[in-house]
Each structure stands twice: as C-alpha cells, then as structure tokens.
Amino acid sequence: MSTKDLLTPFSNAASQTFKLLLDLDVSTDSSQPTDNCEETKEKVNIVIEITGDLAGEVMYSFPKDTTLEMVKMMSGMEFNEIDDFVKSALGEIANIISGNAMTGLSQSQVVCDIRPPKILEGGALPAGKECSIYRTKVKTSIGDVELNFRTV
C-alpha cells in the first residue's frame, strides 16, 4: 500500500466526520507529495501518532476561523479565541477522524492504533520532525482542513 493510499482512509474519515458531526458538505483535494510545510500563526495543529503495521503520524491543520466555527457548531457557544475548551473539542474531532481511519485501514489488513492527540497552537510543528510526505485538504463551507501524513 502506497503512502498516497494510506492517506485516503484519513481524508474519507474526515469527510464523514464533518458531515455527521457538523452537517457540512465536503470535498477533498488529491494527495500531493511535498518537501516543505507551511507554518502559519493562524492555525491549530493536532498531531496524532500512529503505531502498529503503519508507524507515523498524521497532522490536522485547522485555520483559526474554521476552528472557532466548528466548535461553535458543536457546542452552540460563541468563541473569539482558541482556549482550552476549543483545543479539547478540536482534539476530540481529530481523535474521531483518526479512529475511523484506523477502521478503514484495518479493512485493508493494516492493523494500527493511535496515541492521544498533541495540540500545537500558532503554526508550531512537532520539534525535530521533518515535514510530511503527503498532504491533502478537506474543503468545507467554513474553511479547509489540511491533513499531513508522515511515516517514520
């Protein structure tokens, strides 16, 4: 299974999660190889480590405005800043997406597990990490969420 094929369960799971939890219509860009990462101060990155047959990590990059709108839709409360509640809700969304992606991978006989999410605010990237191998975007009416996948 190629790295590009491994990213498909994550983009499919993100699309399904956004549709079910937030009633958003979504589309995805195809996977693209990349050597560089964009650091943006207006993003919140959620990194989830993957263990098992597939070792690596997936990083979900949520623009600030998209983050605040998603949490508003989930909670019914208005937020102006990314606080602990917003970070926790975003981490849970990433956990749900990743868990559903693990189910998709298991159907392809790839047995994996995930570790708890790490939340990196302000465009920070994991310390000492190279950029992702493949990137795709899930496009929604409230903003795009970027998925970066890297094997180790």
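Trainee: Fine. What should I know about the model and the numbering?

Mentor: This is a predicted model, in which local features need pLDDT of at least 70, side-chain atom pairs count only at pLDDT 80 or more, and totals for chains, interfaces and linings use all residues. Residues are numbered from 1 along each chain as its sequence is written, and side-chain values use heavy atoms, with hydrogens and water left out.

Trainee: How many helices and strands are in the chain?

Mentor: Three helices and eight strands. Both are DSSP runs numbered from the N terminus: helices are H or I with at least four residues, strands are E with at least two. Along the sequence the order is α-β-β-β-β-α-α-β-β-β-β.

Trainee: What share of the chain is buried?

Mentor: Buried residues are 44% of the 152. Buried means under 20% relative accessible area, exposed means over 50%, and partly exposed is in between, with a 1.4 Å probe and protein chains only.

Trainee: Helices next. At what angle do helix 2 and helix 3 cross?

Mentor: Roughly 85°, with the axes of helix 2 (residues 64-75) and helix 3 (residues 84-106) coming within 10 Å. That makes helix 2 roughly perpendicular to helix 3. The cut-offs are under 35 degrees for roughly parallel, over 145 for roughly antiparallel, 65 to 115 for roughly perpendicular, and oblique for the rest. Axes are lines fitted to C-alpha atoms, for helices over the stretch in contact, and angles run from 0 to 180 degrees between N-to-C directions.

Trainee: Which residues meet there?

Mentor: From helix 2, Thr 67, Leu 68, Met 70, Val 71, Met 74 and Ser 75; from helix 3, Phe 85, Val 86, Ala 89, Leu 90 and Ile 93. This contact has nine nonpolar residues, two polar and no charged. Nonpolar covers Ala, Val, Leu, Ile, Met, Phe, Trp, Tyr, Cys and Pro; charged covers Asp, Glu, Lys and Arg; the others, Gly among them, are polar.

Trainee: What's at the ends of those two helices?

Mentor: Asp 83 caps the N-terminal end of helix 3, with a side-chain oxygen 3.1 Å from the backbone nitrogen of Phe 85. That is a polar contact: a pair of N or O atoms within 3.5 Å; within protein, one must be able to donate a hydrogen and the other to accept it, and residues adjacent in sequence count only if both atoms are side-chain atoms. After helix 2 comes Gly 76, with a positive phi near 80°.

Trainee: Which other residues have a positive phi?

Mentor: Asp 23 and Gln 109 make two examples to look at. Most residues other than glycine have a negative phi. Asp 23 has a phi of about 55° and lies in the loop between helix 1 (3-22) and strand 1 (26-28). Asp 23 is exposed, at 60% relative accessibility. Gln 109 has a phi near 65° and lies in the loop between helix 3 and strand 5. Gln 109 is exposed at 65%.

Trainee: Switching to Thr 140. Where does it lie?

Mentor: Thr 140 is in strand 7 (residues 134-140). It counts as buried because its relative accessibility is 11%. Its side chain reaches the backbone oxygen of Gly 143 at 2.5 Å. A polar atom of that side chain also lies 3.2 Å from the backbone nitrogen of Ile 142. Leaving out residues up to four places away in sequence, Thr 140 touches Phe 18, Leu 24, Asp 25 and Val 26.

Trainee: And Asn 45: buried or exposed?

Mentor: Buried, at 3% relative accessible area. Asn 45 sits in strand 3 (residues 43-52), and its side chain makes a polar contact of 2.5 Å with the side chain of Ser 61.

Trainee: Last one. What does Cys 112 touch?

Mentor: Not counting residues up to four places away in sequence, its contacts are Ile 50, Thr 51, Gly 52, Asp 53, Leu 54, Met 102 and Leu 105. Cys 112 and Thr 51 are 61 residues apart in sequence, but their C-alpha atoms are 5.5 Å apart. Cys 112 lies in strand 5 (residues 112-114) and is buried at 16% relative accessibility.

Technical notes. Contact means heavy atoms within 4.5 Å.
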